[in-house]
Amino acid sequence: MDLQFIRTDSDHPAFKLLYPQLDMELKIRDGEDHAFYAQYNKPDNIQSVVIAFDGEIPVGCGALKIYDERIVEVKRMFVLKAYRGKRIATLILVELEEWAFQLRFEELILETGKAQPEAIALYLKAGYQITDNYGQYAGVEKSVCMRKAVTST
């Protein structure tokens, strides 16, 4: 595997190839709740996107979305099924965290679902802590929100 990472934005063709695949998977996992979550996961105008490539093949992505002046939200984390279990999501997350540090954010937050135990395990292993649900996820029983202080990796 010849893994490389690029920093770009949501207009990149590889991101536009990957995020519909993420949405298809989430639609299955979220079931009847998908429309609620989808409204908060529009890929438009995201300025900070990391894409993982195996040679020329885009195999995973993740993004940062500004929440406020000191907090950035991790969004759109996805790795193609054939590439899972190879630490690619962890490496994307590390790249996003380093970017957040360089942009001088103080905290990372994210939301994932109880129907995504692999994602929950990934974030816990990366040092994220479960916190009260924030913003639009407050009171949403199927959501799991997490946070982590930004530090240089």
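**Reading contacts in a predicted model**

Guide: Glu-95 is partly exposed in this structure, its relative accessible area being 24%. Please keep in mind throughout that the model is predicted.

Visitor: With which residue does the side chain of Glu-95 meet in a salt bridge?

Guide: A salt bridge is read from the distance between a side-chain nitrogen of Lys or Arg and a carboxyl oxygen of Asp or Glu, with a limit of 4 Å. Here the partner of Glu-95 is Arg-7, and the N to O distance of 2.7 Å places the two side chains in a salt bridge. Because Arg-7 belongs to strand β1 (residues 3-8) and Glu-95 to helix α3 (residues 88-102), the pair ties together parts that are 88 residues apart in sequence. Arg-7 is itself partly exposed, at 33% relative accessibility.

Visitor: How many salt bridges does the structure hold, and which residues are linked in a network of them?

Guide: There are eight salt bridges in the structure, and the network links Arg-70, Glu-106, Glu-107 and Arg-147. As for accessibility, Arg-70 is partly exposed at 32%, whereas Glu-107 is buried at 13%.

Visitor: What are the relative accessible areas of Lys-75 and Glu-73?

Guide: Lys-75 has a relative accessible area of 7% and is buried, and Glu-73, at 5%, is buried as well. The side chains of these two residues meet in a salt bridge, with 3.7 Å from N to O.

Visitor: Turning to cysteines, how many disulfides does the structure hold?

Guide: A disulfide is a covalent bond between the sulfur atoms of two cysteines. The count for this structure is zero. The sulfur of Cys-61 has its closest cysteine sulfur in Cys-145, but the separation is 20 Å, and that is too far for a bond; a disulfide would require the two sulfur atoms to lie within 2.5 Å. Cys-145, for its part, is in no disulfide, the nearest cysteine sulfur being that of Cys-61.

Visitor: Are Cys-61 and Cys-145 buried or exposed?

Guide: Cys-61 counts as buried at 1% relative accessibility, and Cys-145 is buried with a relative accessible area of 0%.

Visitor: How many aromatic pairs does a search of the whole structure find?

Guide: A pair of aromatic rings is described by the distance of the centres and the angle of the planes. The search finds four such pairs. In one of them, the rings of Phe-15 and Tyr-19 have centres 5.3 Å apart and planes at 50°, so the pair is tilted. Phe-15 and Tyr-19 are four residues apart in helix α1 (residues 13-30), which means that about one helical turn separates them. Phe-15 is buried at 0% relative accessibility, and Tyr-19 is buried at 19%, where the limit for buried is under 20%.

Visitor: What are the distance and the angle for the pair of Tyr-134 and Tyr-137?

Guide: For Tyr-134 and Tyr-137 the centres are 5.6 Å apart and the angle between the planes is 90°, an arrangement that is edge-to-face. Both of these tyrosines are buried.

Visitor: Which residues do ring pairs link into a cluster?

Guide: The cluster consists of Tyr-67, Tyr-134 and Tyr-137, linked by ring pairs.

Conventions. Residues are numbered from 1 along each chain as its sequence is written. This is a predicted model: local features need pLDDT of at least 70, side-chain atom pairs count only at pLDDT 80 or more; totals for chains, interfaces and linings use all residues. Side-chain values use heavy atoms; hydrogens and water are left out. Helices (H or I, at least four residues) and strands (E, at least two) are DSSP runs, numbered from the N terminus. Buried means under 20% relative accessible area, exposed over 50%, partly exposed in between (1.4 Å probe, protein chains only). Rings of Phe, Tyr and Trp (its six-membered ring) pair if their centres lie within 6.5 Å; planes under 30 degrees apart count as stacked, over 60 as edge-to-face and the rest as tilted.
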